[in-house]
Amino acid sequence: MADSVAVITVNHRGAARLRGGHLWVYRSDLVASANVPRGTFVHVRDERGRRLGSALYSSASQIAIRLLTSDQIAEEQLTPLLRERITAAVDFRQHLVRGTDAYRVVFSEADLLPGLILDKYNDVLSLQALTQAFDRDDLRQTVLAAIAERFPEASVLERVDPHIRVLEQLPPRESQLVRGERSSTIFTMNGVRFHFDGLAGQKTGAFLDQRENYAAAARYASGDALDCFTYQGGFALHLARVYKSVTAVDSSRPALEVAERNEQLNRAAHGCGEIEWIEANAFDLLKDYATAGRQYDAIVLDPPAFAKTRRTVSTALRGYKELNLRALKMLRPGGVLVTCSCSFHVSESEFLEMLAAAAADAGRRARILEKRGQAQDHPVLLNVPETAYLKCVILDVTN
Ligand code: SAH
């Protein structure tokens, strides 16, 4: 019965946000939410009582409301709606994704399933519930049933992010296999093979959002390449197919151990170039190599998110500038810089301005070959800017 559904009233700011096509209302924009249980399905109204849609509520997160639909639907319609959305998400990827058996099947807000992530690594699916609502047993069962229908052969594991459980005030839970027997497999993207193990102490996986950028980076030039922040070798393994030598750097020994195992997986099939894996702080290494006069034909910079909040953006931009400045100085004329930022809070224009300043300081001329973002299986929902986070700019450094 629609009548039994809890109603949450939002102020004019919250209402304007939803009417503007966004899906979130912050807690500070709620007028009344007393006694609404955690993770509940709710109806949203403005202060005049006008209907704004149906949503999932979190009693803990700053994002109190995540809209599912602008229609006011009955609670009984929630399960069919979620199933329909999951089916649509799967269909969308089946039309779009090529050359890989690993991709994001459900990307939260961008698939109108706010709080739900599903990644596919060949025959193993990895599910993440980011909100109180999707942690509910009944919704998990709905989601698992919809997944089983579309991927009957796949194993499914639930990956738990302890930090998110704390933010959502959910009790701790272990990552676990929820269907099938496999928690590890080998997946292939752009013809390059990778290990995946979702449960082992040393987890493996991939930044699926970079898949198309790996292929783009490997389209340019040849010679010597340097991949800073390589993690498990995503860019390096792609570059090794076209570059004479690849040096790959990361500060994490466990990540590099997986990278080396990934290299072995590909060596026989591709006769890929030799990769030198180096455990180091990329900032220090770039400085030392620059001093030593080393030069490269391509450099990849894919650091972790430096800006976790809007307030840390200027510090983050200084970090990005330092890295990019050093890299620009070390490129041979005609060399290529592939430079990324996965901080949502750093906009593309801020990132480009930072690059321009770095080029000026480095005394180099650079041209934009490509302005790229996350792979298409991580779509950007136009009215929810938070769904766009990855920047990948490819520069041709002329002199
Ligand atoms: N390029 C990778 C993803 C990089 S994730 C890919 O496409 O798969 C960021 C990586 O930066 C992590 O592996 C982390 O261990 C590493 N890292 C963080 N700080 C670092 C530092 N100061 N120097 C080198 N690596 C660092």
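An oxygen atom of the ligand is 2.6 Å from an N or O atom in the side chain of Asp 250. That counts as a polar contact, a pair of N or O atoms within 3.5 Å; within protein, one must be able to donate a hydrogen and the other to accept it, and residues adjacent in sequence count only if both atoms are side-chain atoms.

This is a predicted model, where local features need pLDDT of at least 70 and side-chain atom pairs count only at pLDDT 80 or more, while totals for chains, interfaces and linings use all residues. Residues are numbered from 1 along each chain as its sequence is written, and side-chain values use heavy atoms, with hydrogens and water left out.

One of its nitrogen atoms is 3.0 Å from a polar backbone atom of Phe 229, and a nitrogen is 3.1 Å from a polar backbone atom of Ser 251. The protein covers 84% of the 580 Å² of accessible area that the ligand has on its own (Shrake-Rupley method, 1.4 Å probe). Around the ligand there are 14 residues, each with a heavy atom within 4 Å of it; Tyr 214 and Ala 282 are among the closest.

Next, the helices, which are DSSP runs of H or I, at least four residues, numbered from the N terminus. The axes of helix 2 (residues 78–96) and helix 4 (residues 137–150) come within 10 Å and cross at roughly 40°; axes are lines fitted to C-alpha atoms over the stretch in contact, with angles from 0 to 180 degrees between N-to-C directions.

Last, Arg 372 is found in strand 19 (residues 366–372); strands are E runs of at least two. Its side chain makes a polar contact with the side chain of Asn 213, at 2.6 Å.
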